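Subject: Structure for your review

Dear colleague,

Please find below the structure I promised to hand over. My findings follow it.

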Amino acid sequence: MSMHIYVYGIGVTVIFLVSLFFFWREIQRTSLHEEKIFDFLFVSLISGLLVSRSVFVLYHFSLFKPFLLRILLPLTFPGFDVTGFLIGFFLSLSILCRRNKIDFSLLTRHVVFPLFLMRILLAVLSFVLTLQIAFVPEALLLLLFMWVLTYIQTAIKEEKFPAEGVFFFFCTSVLFTSYVVDFFRIDRVYFLGQKIISVEQVLMVLAILFTLKWWIPFIFSNKK
């Protein structure tokens, strides 16, 4: 068990550093101030992890109730919520961009690729260490969406796709993937005790509906 925790901790650290490297490469392609943007990303990542952990604890409070200090031991007692991370990360990033008069759409266009990569590598690491089949479709679906992202980036350069759409594409892709993969999990917590939808999926559905507020007008505007 201790070796498993050690390997997982090392793996997460390496994935985090690799993702930061790709963040740095993407930011260099813009005219944005590198140090300031890195500060934004660091604060937003921490915010995302805190919200993600808090939401997970609320979902599985019975696991932490006997010893509340378990909440502060994510490696020994792992658990983060994907939807919570997206809310915490992008909400923090949008606030920082607004306060510093930085184009949120421009920045998100360059950070979603490293975020995709981080999520895929975490899924691969989790599968290698746990052999849970749920992580396989998760990695494959995210890889597919990351491939689609390359075509979207090209469409943006050709002015065939709005830059702000990258944010909604990323959120929709990750949320949809998490929603589908949740059916493969063995530790699902069902909503109201009904074996139809899990507690986590309820928040995912609400977040997906939020993204549809952008997708529906965009799709119908292109049909005119």
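In this predicted model, helix 5 and helix 6 cross in a left-handed manner. The axes of helix 5 (residues 104–130) and helix 6 (residues 135–157) come within 9 Å and cross at roughly 165°. Because angles over 145 degrees count as roughly antiparallel, helix 5 is roughly antiparallel to helix 6.

On the helix 5 side, the residues making this contact include Val112, Phe113, Phe116, Leu117, Ile120 and Phe127. Helix 6 contributes, among others, Phe135, Leu142, Phe145, Met146, Leu149 and Ile156. By class, the residues of the contact of helix 5 with helix 6 comprise 17 nonpolar, three polar and four charged.

Helix 6 itself has 23 residues. From its first C-alpha to its last, helix 6 reaches 33 Å, close to the 33 Å expected at 1.5 Å a residue. Among the buried residues of helix 6 are Pro137, Glu138, Gln153 and Ala155, together with Leu142, Phe145, Met146 and Leu149. The buried residues of this helix pack against both helix 5 and helix 7 (165–181). Just after helix 6, glutamate 159 adopts a positive phi of about 60°.

One further residue of helix 5 deserves a separate note: threonine 108. Its relative accessible area is 0%, so threonine 108 is buried. Leaving aside residues up to four places away in sequence, threonine 108 touches Phe90, Leu93, Val166 and Phe167.

Yours sincerely

How values were computed:
Residues are numbered from 1 along each chain as its sequence is written. This is a predicted model: local features need pLDDT of at least 70, side-chain atom pairs count only at pLDDT 80 or more; totals for chains, interfaces and linings use all residues. Side-chain values use heavy atoms; hydrogens and water are left out. Axes are lines fitted to C-alpha atoms, for helices over the stretch in contact, and angles run from 0 to 180 degrees between N-to-C directions. Helices (H or I, at least four residues) and strands (E, at least two) are DSSP runs, numbered from the N terminus. Angles under 35 degrees count as roughly parallel, over 145 as roughly antiparallel, 65 to 115 as roughly perpendicular and the rest as oblique. A crossing is left-handed if the near helix is turned anticlockwise from the far one by less than a right angle, and right-handed if clockwise. Contact means heavy atoms within 4.5 Å. Ala, Val, Leu, Ile, Met, Phe, Trp, Tyr, Cys and Pro count as nonpolar, Asp, Glu, Lys and Arg as charged, and the others, Gly among them, as polar. The expected span of a helix is 1.5 Å times one less than its number of residues. Buried means under 20% relative accessible area, exposed over 50%, partly exposed in between (1.4 Å probe, protein chains only).
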